[in-house]
Amino acid sequence: MRRFALRTGLRWKVSLAIAAVSTLVAVVLSLVVHNAARVSMLDNSRTVMDERVKVAQRWYEQSRVLGFGAKLDDPHLPEQLKKEAWRGQRATYLEDSGTGTPEVWASVPLRNGKVLSVHTKFQDRFAVLNDLDRVLIIGSLSVVLGGIALGVLVGDQLSRRLRKAATAARKLAEGDSEVRVREAIGGRVRDETDDLARAVDGMAEALQQRLEAERRVTADIAHELRTPVTGLLTAAELLPPGRPTELVRDRAQAMRTLVEDVLEVARLDGFAERAELQEIAVAEFITRRVRTVAPDAVINVVRDAHVSTDPRRLERIMGNLLANAARHGKPPFEVTVEGRILRVRDHGAGFPEELLKDGPSRFRTGSKDRAGTGHGLGLTIAAGQARVLGARLTFRNADPLMDSGDGTEGECRGAVAVLWLPESAPTNTGSFPIIDVPD
């Protein structure tokens with residue numbers, strides 16, 4: 001069962017993280033400020049009530065007048081204050097339910113044995129606390145929204161740099177050796193992204209140097225082999241007629257072909273090849289070339305087109321595709337011309353999974369269900385020549401046949417190679433047009 005993976009951008013992850021931290025900080029600070037303000041107001045209220053009860057005591061003792069709403073022996077006096085008055089102590093008491101405005105009491109024992117007390121709720125004072133709560137809520141929301149905006153800004157900048165780095169890395173993987181990740185991301189900021197870019201650039205340069213060294217070694221070996229192989233082929237022509245002579249000539253010719261193919265691959269790997277462009281009619285050109293190299297192939301012309309391309313390289317591509325089909329596939333072989341799209345198809349076992357996944361590779365001849373002969377250079381050369389033309393060469397297998405007898409899946413209908421010629425030819429500088437290949 002395939003697991004569902006939710007993909008989110010880095011900017012939103014950073015924004016959510018900053019928003020969560022901002023919310024936590026804002027809530028904690030608001031609670032701290034609210035509780036500190038409430039405690040301060042309660043302490044101040046008890047102090048005020050203590051002063052009031054002292055003034056009310058003096059007034060009563062001097063003029064027998066009860067001020068500040070004072071009462072004598074109030075039946076609603078809290079028990080704690082009664083106990084303090086019985087011990088002769090002046091005291092304050094706070095009734096706080098936690099929901100409404102707290103009620104503050106103050107009492108003092110008199111000389112005649114009575115208890116004078118005052119109490120109030122300080123509605124105006126605690127209304128300020130409600131205003132403070134509203135200010136704290138608005139401030140907390142502002143902090144959260146500001147945190148989200150800051151997160152989007154920071155995350156977008158980091159995400160943009162990483163996207164540029166990923167794009168440059170993909171170009172490197174596609175063979176553009178001139179791309180450098182550090183130059184692609186740009187900017188004056190120096191952070192971990194720069195460290196990653198420098199590491200990727202260093203790895204790309206080291207890999208490029210190694211590949212270039214291997215290419216030079218391969219080209220040098222092939223070049224050095226060309227002369228003795230040519231001499232061997234010439235000497236084989238001087239042998240007397242017979243079966244041994246035919247075997248020697250055949251093997252010498254195969255060795256010469258292999259050396260030429262290796263040299264061609266080395267040149268293509270060096271990205272030094274340039275197309276010599278000519279205007280051609282695709283259908284007429286393909287028909288003549290296919291009739292020459294594969295007379296038994298079926299040619300289907302759906303639509304003709306005129307393109308500016310290199311005929312020699314296009315002929316090389318089609319020849320290699322047909323040779324690969326003849327070597328590894330089964331007849332009938334079909335060549336379809338549909339405008340700028342050329343298809344070569346056989347009815348054999350199809351391309352191996354490794355080729356479909358990774359593309360053609362030199363000296364890899366395919367899986368066990370194919371012939372296993374050859375050196376894996378034909379499709380590699382075809383792909384390289386297509387790159388010089390600015391074309392796109394893709395590989396796939398045809399839909400499998402269903403065996404209606406036992407209900408099991410039948411054999412593959414064959415391998416299909418598709419060459420997508422560009423609408424505009426490659427420039428003299430070697431830059432290639434972009435070819436959109438549908439799914």
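## Contact between α6 and α10

In this predicted model, Asp261, Glu264, Val265, Leu268 and Asp269 of helix α6 meet Thr380, Ile381, Gly384, Gln385, Arg387 and Val388 of helix α10, contact meaning heavy atoms within 4.5 Å. By class, four nonpolar, three polar and four charged residues make up this contact; Asp, Glu, Lys and Arg count as charged, Ala, Val, Leu, Ile, Met, Phe, Trp, Tyr, Cys and Pro as nonpolar, and the others, Gly among them, as polar.

Helix α6 spans residues 243-269 and helix α10 residues 378-389; they pack at an angle of about 35 degrees, with axes 10 Å apart. Axes are lines fitted to C-alpha atoms over the stretch in contact, and angles run from 0 to 180 degrees between N-to-C directions. Helices are DSSP runs (H or I, at least four residues) and strands likewise (E, at least two).

## Salt bridges

The count is ten salt bridges, each a side-chain nitrogen of Lys or Arg within 4 Å of a carboxyl oxygen of Asp or Glu. In one of them, Asp50 pairs with Arg90, the closest N and O atoms being 2.8 Å apart. Asp50 lies in helix α1 and Arg90 in the loop between α2 and β2, so the pair ties together parts 40 residues apart in sequence. Asp50 is buried at 18% relative accessibility, whereas Arg90 is partly exposed at 38% (buried, under 20%; exposed, over 50%; partly exposed, in between; 1.4 Å probe, protein chains only).

Glu51 forms a salt bridge with Lys54 at 3.4 Å between the closest N and O atoms. Both residues lie in helix α1, three residues apart, and are separated by about one helical turn.

## Basis of the values

Residues are numbered from 1 along each chain as its sequence is written, and side-chain values use heavy atoms, leaving out hydrogens and water. Local features need pLDDT of at least 70, side-chain atom pairs count only at pLDDT 80 or more, and totals for chains, interfaces and linings use all residues.
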